[in-house]
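User: Hey, I've got a model open and I'd like to talk through the inside of it. Can you walk me through it?

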Amino acid sequence: MRERRRDRRIVLRKPVLASVNSAPVFVLDVSSGGLRVAHRSQLPGPGSICRVDVPDESGTLALDCAIVHTAMQHATDAAASLFQSGLRIVAADVESQRRMQALIRHDSGRKR
């Protein structure tokens, strides 16, 4: 299968707790064009625009993202449903863009 991403994804060393429209999510990987998050509650459908707030030591990165896809990871009687969604960044203020690039640079320098 041909890779459709334009930007290389960086898997974060440790998932980062964030929120999508106030719902808690964990950011799993990032690129300059988007991110992948894990979450327990369903997010709006593909094509919907949502606000992603990612706290860091300097404040909160505010990203407006389009939901590209959502997939259920598992759902059993013993475990709650877990979803993963791919989000495309459609808008961010200059400071949030700068800090997002710093996060990508920081985690892309690690050995895999």
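Predicted model: local features only at pLDDT ≥ 70, side-chain atom pairs only at ≥ 80, totals over all residues.

User: Okay. How many helices and strands are there in the protein?

Analyst: One helix and six strands. Going along the sequence, the pattern is β-β-β-β-β-β-α.

User: What lines the second largest pocket?

Analyst: V16, V54, P55, D56, E57, S58, L61, R98, R99, A102, L103 and H106. The elements that give two or more residues to that lining are β4 and α1. The largest share, five residues, comes from α1.

User: What's the volume of that pocket, and how does the lining divide by class?

Analyst: The volume is about 230 Å³. The lining splits into six nonpolar, two polar and four charged residues.

User: Now the core. How many residues are in the largest nonpolar core, and which have the most contacts inside it?

Analyst: That core has 21 residues, and V27, V30, L35, V52, L87 and M100 have the most contacts inside it. At least two core residues come from each of β1 (10–20), β2 (23–30), β3 (34–39), β4 (49–56), β5 (59–74), β6 (82–92) and α1 (94–108).

User: Let's zoom in on L35. Where does L35 lie, and is it buried or exposed?

Analyst: L35 is in strand β3. Its relative accessible area is 1%, so L35 is buried.

User: What does L35 touch away from its sequence neighbours?

Analyst: Not counting residues up to four places away in sequence, L35 touches R9, V27, D29, V30, V52, L63, S85, G86, L87, I89 and M100. Take S85: L35 and S85 are 50 residues apart in sequence, with 8.4 Å between their C-alphas.

User: And which residues does L87 touch?

Analyst: With residues up to four places away in sequence left out, L87 touches R9, V20, G33, G34, L35, V37, V52, C65, A66, I67 and V68.

User: What share of contacts comes from residues 24 or more positions apart?

Analyst: Counting contacts with a separation of 6 or more, 52% are between residues 24 or more positions apart.

User: What does the side chain of Q84 join up with in a polar contact?

Analyst: With the side chain of R36, at 2.5 Å. Setting aside neighbours within four places in sequence, Q84 is in contact with L28, R36, V37, A38, H39, H69, T70, A71 and Q73.

User: Last one: what percentage of the protein's residues count as buried?

Analyst: Of the 112 residues, 34% count as buried.

Key. Residues numbered from 1 in each chain as written. Heavy atoms only, no water. Core = buried A, V, L, I, M, F, W, Y, C linked by side-chain atoms within 4.5 Å. Buried < 20%, exposed > 50% of the residue type's maximum accessible area, 1.4 Å probe, protein only. Helix = DSSP H or I, 4+ residues; strand = E, 2+ residues; numbered from the N terminus. Contact = heavy atoms within 4.5 Å. Polar contact = N/O pair within 3.5 Å; in protein donor to acceptor, adjacent residues only side chain to side chain. 1 Å grid on protein atoms, 1.4 Å probe; cavity = no way out; pocket = protein on both sides within 12 Å on 5 of 7 lines; lining within 4 Å. Points joined across faces, edges and corners; volume = space filled by probe spheres on them. Nonpolar A, V, L, I, M, F, W, Y, C, P; charged D, E, K, R; others polar.
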